[in-house]
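I am opening a notebook on a structure that is new to me, and I want to set down in order what I look up in it.

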Amino acid sequence: MKNNLPDAMNRARVLSAALGLLAYSAGLPAVAADGLCGTLREFTKSVKPGETRALRFNTILGSNFKDREVSANGAKRCDFSSYEPAKAVCKYLMEFGSAESAGYNAKSAITCLSPNTRFAAGTRLGAIAFSMPFGLAEHPGLVDVAFTEDKDLGGMVLSITAAGPQVRSSSRHRSRESGRS
């Protein structure tokens, strides 16, 4: 009778290694999303009271943008309006953002900024507009995430706009104080 124990042990090792690699690869998008979440949070936190800052991440698949003469099978571009915290988000999106599944970029941004928001597996976005408060509860700012077709450039655009907390008028407060005896 032949001893199959060494073969069984080798199969178990191979299976264990394969499962380990599978678990590792399943965690990669979560690590990448952490990079997006951190830069998005820094971007929103950087917006000062009364200020509005925005970025636009454009993607196209199967061609190039309408304002480009060079042919391409797809392209990405990101406009951060010379605002450094938005530039960090753009850098991340240019490296890791998807042109093939552009709606995934919007889902990732929304779940980063609103961690309790979840999309069912297989959810595909064609367009979405999503707004949420950020910052201090008593003086929140507002962030808008919009994903829609860009008719001017072609393809899709993910727009993220952060409006800092509203500045309260101190003149109203002073006028109440001055009316006191």
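This is a predicted model: local features need pLDDT of at least 70, side-chain atom pairs count only at pLDDT 80 or more; totals for chains, interfaces and linings use all residues.

**Entry 1**

**Entry 2: the chain as a whole**

Of the 181 residues, 31% count as buried. I looked up the accessible surface as well, which comes to about 12000 Å², with 56% of it belonging to carbon and sulfur atoms. Among the contacts with a separation of 6 or more, I found that 52% are between residues 24 or more positions apart.

**Entry 3: the order of the sheet**

In what order do the strands of the open sheet stand? I read the order as β2-β1-β5-β4-β3, for 5 strands with antiparallel pairing. At the edges are β2, residues 74-79, and β3, and because each has a single partner strand, one side of each is left without a neighbour in the sheet. I also looked up how neighbouring strands of this sheet are turned against each other, and the average is 10 degrees when direction is ignored.

**Entry 4: two hairpins**

I followed the chain from β3, residues 128-134, to β4, residues 141-149, and found the two paired in the antiparallel sense over 7 bridges. Within this pairing Ile-128 stands opposite Phe-147 of β4. The two strands form a hairpin with 6 residues between them, and in its turn I noted Gly-135, which has a positive phi of about 90 degrees.

Going on from β4, I found that β5, residues 156-163, pairs with β4 in the antiparallel sense over 8 bridges. As one example of a bridge here, I wrote down Asp-144, whose partner in β5 is Thr-161. This hairpin, formed by β4 and β5, has 6 residues between its strands, and Gly-154 in the turn has a positive phi of about 90 degrees.

**Entry 5: two loop residues**

I then turned to Leu-153, which lies in the loop between β4 and β5. Is Leu-153 buried or exposed? Its relative accessible area is 15%, and since buried means under 20%, Leu-153 counts as buried. Leaving aside neighbours within four places in sequence, I listed Asn-58, Phe-65, Lys-66, Asp-67 and Arg-77 as the residues in contact with Leu-153. For Lys-66 I also looked up the distance to Leu-153, and the two are 5.1 Å apart in space, C-alpha to C-alpha, while being 87 residues apart in sequence.

Last, I looked at Ser-114, which lies in the loop between α3, residues 102-113, and β3. Ser-114 counts as buried, at 16% relative accessibility. Which residues is Ser-114 in contact with, leaving aside its neighbours within four places in sequence? I found Phe-130 and Met-132.

Notes. Residues are numbered from 1 along each chain as its sequence is written. Side-chain values use heavy atoms; hydrogens and water are left out. Two strands pair if DSSP finds at least two bridges between them. Helices (H or I, at least four residues) and strands (E, at least two) are DSSP runs, numbered from the N terminus. Buried means under 20% relative accessible area, exposed over 50%, partly exposed in between (1.4 Å probe, protein chains only). Contact means heavy atoms within 4.5 Å. Accessible areas come from the Shrake-Rupley method with a 1.4 Å probe; for residues, only the protein chains shown count as cover. Axes are lines fitted to C-alpha atoms, for helices over the stretch in contact, and angles run from 0 to 180 degrees between N-to-C directions.
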